[in-house]
Amino acid sequence: MKIAITGKGGVGKTTLASLLAWAYSSEGREVIAIDANPDANLAAALGISKEIIAKITPIAELKDIVEERTGAKPGNYGSFFKLNPKVDDLPERFSVRIDNVKVLVMGTVKEGGGGCMCPESALIRSLVSHLVLSRSEVVIMDMDAGVENLGRGTAKAVDALLIVVEPGQRSFQTAQAIRKLAKDLGIRRCFIVGSKTHDEKERQFIIDNLADFDILGFINYHKDIADADKLGKGVFETAKSALDEVNQIKQELEKRIKGDHEQKDG
C-alpha cells in the first residue's frame with residue numbers, strides 16, 4: 001500500500017498520516033512514513049521524542065550525500081548532475097524508527113527559475129520513486145497542498161491519494177485543484193477524508209460541497225489531538241477515538257482498492 005496525503009495547510013494531514021502509520025504498524029506491517037511537508041512534524045505526531053527529532057537532518061540538507069550521489073553541489077542550477085542517483089541505502093541510514101515505523105524527513109527545496117531542477121530535488125525525487133516503486137513496506141507520504149513534486153511515473157504507482165478537507169470553502173477549492181493535478185499526473189484513486197468536524201451538520205456540509213468526490217470517512221474534532229502536542233506524545237496515545245475513526249477509514253480504503261482490483265481482474 002502506497003498512500004499520499006495532501007490538502008490545504010492546517011487541515012489535519014499529519015494527524016491522518018501518523019494515525020494511518022500507527023494503524024498499519026499495529027498489524028505488524030513495516031511502514032515508511034515520509035514527511036514531505038515544509039512544516040515537518042510527522043515525527044512528533046508519531047510520539048518520537050524532541051531529543052531524537054532535534055538530531056534529524058532532512059534529506060535535502062545532507063550536502064555531502066547530495067554531492068556524492070548526484071555529482072553536483074547542492075543549489076547548483078543548470079549544471080550537469082545525475083537525475084537518477086543511488087538512493088536504496090538512504091532509508092536505513094537516515095530514518096528514525098518507532099516500533100514498525102521508519103520516519104524520513106525530506107526537507108524543502110527551492111527550485112531555480114523556470115522550474116529548473118537542482119541536485120537536492122533529483123535526490124529526493126529518486127528516493128520517493130524508490131520507496132513507492134521498489135519497496136515492500138507500506139509507504140505513507142505527508143505532503144503539502146500539491147502532488148506535482150511526485151513526478152509522473154511515481155504518481156501513477158501511488159495506490160491512493162487522500163485529500164484532507166475541513167468544513168470550509170478554501171479547503172474545498174484546494175481539494176478541487178489537487179484532484180486536477182492528480183488526474184494530470186495519472187493518479188487513479190483520489191479520496192476525501194473529512195477533518196475537524198464537530199457534528200453531523202458539518203459532515204453533511206462537506207458531503208454536499210464535494211458531491212462529485214469519493215469520501216472515505218471523517219476524523220472529528222478531538223481535543224485529545226491538541227493535547228498530544230502539549231504533552232509531547234503520539235496522537236495515537238492520546239486520541240483513541242480518532243484512532244478508531246482512522247481504522248474505519250483504512251478499512252474502507254482497503255475495501256475500495258480491493259474492489260477495483262477484482263473489477264479489473266474480472
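Visitor: Why is Asp99 called partly exposed?

Guide: Asp99 has a relative accessible area of 48%. Buried means under 20% relative accessible area, exposed means over 50%, and partly exposed is what lies in between, with a 1.4 Å probe and protein chains only. The value of 48% falls in between, so Asp99 is called partly exposed. This is a predicted model, in which local features need pLDDT of at least 70 and side-chain atom pairs count only at pLDDT 80 or more, while totals for chains, interfaces and linings use all residues. Residues are numbered from 1 along each chain as its sequence is written, and side-chain values use heavy atoms, with hydrogens and water left out.

Visitor: What makes Lys196 partly exposed?

Guide: The relative accessible area of Lys196 is 34%.

Visitor: What makes the reach of α6 close to the expected one?

Guide: The expected span of a helix is 1.5 Å times one less than its number of residues. Helix α6 has 16 residues and reaches 22 Å from its first C-alpha to its last, close to the 22 Å expected.

Visitor: Which residues have the most contacts inside the largest nonpolar core?

Guide: They are Ile5, Leu16, Leu20, Ile140 and Leu162, in a core of 43 residues. Helix α1 gives the most to this core, with seven residues. A nonpolar core is a set of buried Ala, Val, Leu, Ile, Met, Phe, Trp, Tyr and Cys residues joined through side-chain atoms within 4.5 Å. Leu20 touches residues including Ile3, Ile5, Ile140 and Leu162, not counting residues up to four places away in sequence; contact means heavy atoms within 4.5 Å. In soluble globular proteins, nonpolar side chains tend to be buried together.

Visitor: What lines the largest pocket?

Guide: The largest pocket holds about 710 Å³ of space. Its lining has 32 residues, and the closest to its centre are Thr14, Thr15, Asn41, Ala45 and Ile225. A pocket is found on a 1 Å grid over the protein atoms alone, as an open set of points where a 1.4 Å probe fits, with protein on both sides within 12 Å along at least five of seven lines; lining residues have an atom within 4 Å of a point. Points are joined across faces, edges and corners, and the volume is the space filled by probe spheres set on them. Helix α10 gives the most to this lining, with four residues.

Visitor: Which element gives the most to the lining of the second largest pocket?

Guide: Helix α6 does, with four residues. The second largest pocket has about 430 Å³ of space, and Ile124 is one of the residues nearest its centre.

Technical notes: Helices (H or I, at least four residues) and strands (E, at least two) are DSSP runs, numbered from the N terminus.
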